[in-house]
Amino acid sequence: KLILEFIDLDAPAQVGDLITTSGFSDKIPGGIPIGKIVQLDDDKAFGTRRAQVFPNVQIGAVREVYVLR
């Protein structure tokens, strides 16, 4: 599973939403599918939201990846 952390508890996200690249990078174009949200967890004490994302690729079938961060 992948974890996506939102800084804003009110970030518009729902289970089933498709997560894609933003396009805010000079090297990575926007709209590349990453996966779908399968679970959302809100931490009201800290005002944050965390989404568990099911990857759009079969991890066992991937031979090479680039880690950006």
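Where is G60 found? In this predicted model, G60 lies in the segment after strand 4 (48-55). The residue counts as exposed, because its relative accessibility is 83% and the cut-off for exposed is over 50%. Between G60 and A13, the C-alpha to C-alpha distance is 28 Å. In sequence, the two residues are 47 apart.

The chain is built from strands. It has 4 strands and 0 helices. Read from the N terminus, the order of elements is β-β-β-β. In general, strands of a sheet pair through backbone hydrogen bonds, in either a parallel or an antiparallel arrangement.

The pairings can be followed residue by residue. Strand 2 pairs with strand 3 (residues 33-43) in the antiparallel sense, over 3 bridges. L18 has K36 of strand 3 as its bridge partner. T20 stands opposite P33, also in strand 3. Strand 3 is joined to strand 4 as well, by 8 bridges, and these two strands run antiparallel. Across this pairing, D41 stands opposite R50 of strand 4. Strand 3 and strand 4 form a hairpin, with 4 residues between them. In the turn, G47 has a positive phi of about 70°.

Values for the whole chain complete the description. The C-alpha atoms fill a box of roughly 40 × 30 × 20 Å along the principal axes. The chain has 69 residues, and 17% of them count as buried. Its accessible surface comes to about 6000 Å². Carbon and sulfur atoms account for 54% of that surface. Among contacts between residues at least 6 apart in sequence, 39% join residues at least 24 apart. The chain carries 8 positive and 9 negative charges. The mean positions of the positive and the negative charges are 6 Å apart.

Terms used. Residues numbered from 1 in each chain as written. Predicted model: local features only at pLDDT ≥ 70, side-chain atom pairs only at ≥ 80, totals over all residues. Heavy atoms only, no water. Buried < 20%, exposed > 50% of the residue type's maximum accessible area, 1.4 Å probe, protein only. Contact = heavy atoms within 4.5 Å. Areas by Shrake-Rupley, 256 points an atom, 1.4 Å probe, with all protein chains shown as cover. Lys, Arg positive; Asp, Glu negative; His and termini not counted. Charge placed at Lys NZ, Arg CZ, Asp CG, Glu CD. Pairing = 2+ DSSP bridges.
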